[in-house]
Amino acid sequence: MVIDQIQDCTHKKEVTRQILEALPEWFGLEDSREEYITESADQYVFAALDGNKPVGFLTLKETGKDTLELAVMGVLKEYHRHGIGRMLFADAKAFAKEKGYSFLQVKTVQMGKYQEYDQTNCFYQSLGFREFEVFPTLWDEWNPCQIYVMAL
């Protein structure tokens with residue numbers, strides 16, 4: 001498995017689309033999915049490659065002069081629990097430190113709402129993210145937004 005930072009905007013969107021469309025449990029809302037895909041062109045994108053096949057990706061976007069947000073991340077289901085998410089995150093975290101950022105943040109659905117997102121929350125916590133704040137209606141009342149943060 002190789003982690004590669006993608007530079008080409010078109011390729012960023014292709015990889016993002018390929019992975020997100022294969023993960024409807026997390027990215028089933030078309031408008032949100034399309035927004036992630038479109039926005040990836042202007043973000044830092046890291047891809048996990050099995051040979052030439054993208055099997056996962058992670059995007060970072062600047063949300064302040066000191067902070068990057070892990071904007072979206074996805075790994076094909078058949079590659080879950082193989083350390084790919086951790087590999088992607090390790091490269092992204094090293095990149096953030098190299099670039100002089102002080103913090104990483106990530107937004108997800110609050111723990112206790114959906115099993116798939118509970119797994120996601122546990123994953124982020126295992127990486128070292130800590131609970132920062134919940135915004136009950138940032139997205140909508142069915143998906144309270146949990147923000148996690150990490151100092152670099």
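**Exercise 1.** Determine whether Glu-25 is buried, partly exposed or exposed, and identify the residue with which Glu-25 forms a salt bridge.

*Solution.* Step 1: Glu-25 has a relative accessibility of 34%. Buried means under 20% relative accessible area, exposed over 50%, and partly exposed in between (1.4 Å probe, protein chains only). Glu-25 therefore counts as partly exposed.

Step 1: The model is predicted; local features need pLDDT of at least 70, side-chain atom pairs count only at pLDDT 80 or more, and totals for chains, interfaces and linings use all residues. Residues are numbered from 1 along each chain as its sequence is written, and side-chain values use heavy atoms, with hydrogens and water left out.

Step 2: A salt bridge is a side-chain nitrogen of Lys or Arg within 4 Å of a carboxyl oxygen of Asp or Glu. The partner of Glu-25 is Lys-77, with the closest N and O atoms 2.4 Å apart. This pair links distant parts of the chain, 52 residues apart: Glu-25 belongs to helix H2 (residues 24–27), and Lys-77 to the loop between strand S4 (67–75) and helix H4 (84–98). Helices (H or I, at least four residues) and strands (E, at least two) are DSSP runs, numbered from the N terminus. Lys-77, with a relative accessible area of 40%, is partly exposed.

**Exercise 2.** Describe the salt bridge between Glu-69 and Lys-107.

*Solution.* Step 1: The closest N and O atoms of Glu-69 and Lys-107 are 3.1 Å apart.

Step 1: Glu-69 is in strand S4 and Lys-107 in strand S5 (residues 103–109), so their pairing ties together parts 38 residues apart in sequence.

Step 2: Glu-69 is buried, at 5% relative accessible area, whereas Lys-107 is partly exposed, at 27%.

**Exercise 3.** Determine how helices H1 and H3 are oriented.

*Solution.* Step 1: H1 (residues 9–21) and H3 (residues 30–40) pack at about 155°, their axes 8 Å apart. Step 2: H1 is therefore roughly antiparallel to H3, a term for angles over 145 degrees.

Terms used
Axes fitted to C-alpha atoms, helices over the stretch in contact; angles between N-to-C directions. Parallel < 35°, antiparallel > 145°, perpendicular 65-115°, else oblique.
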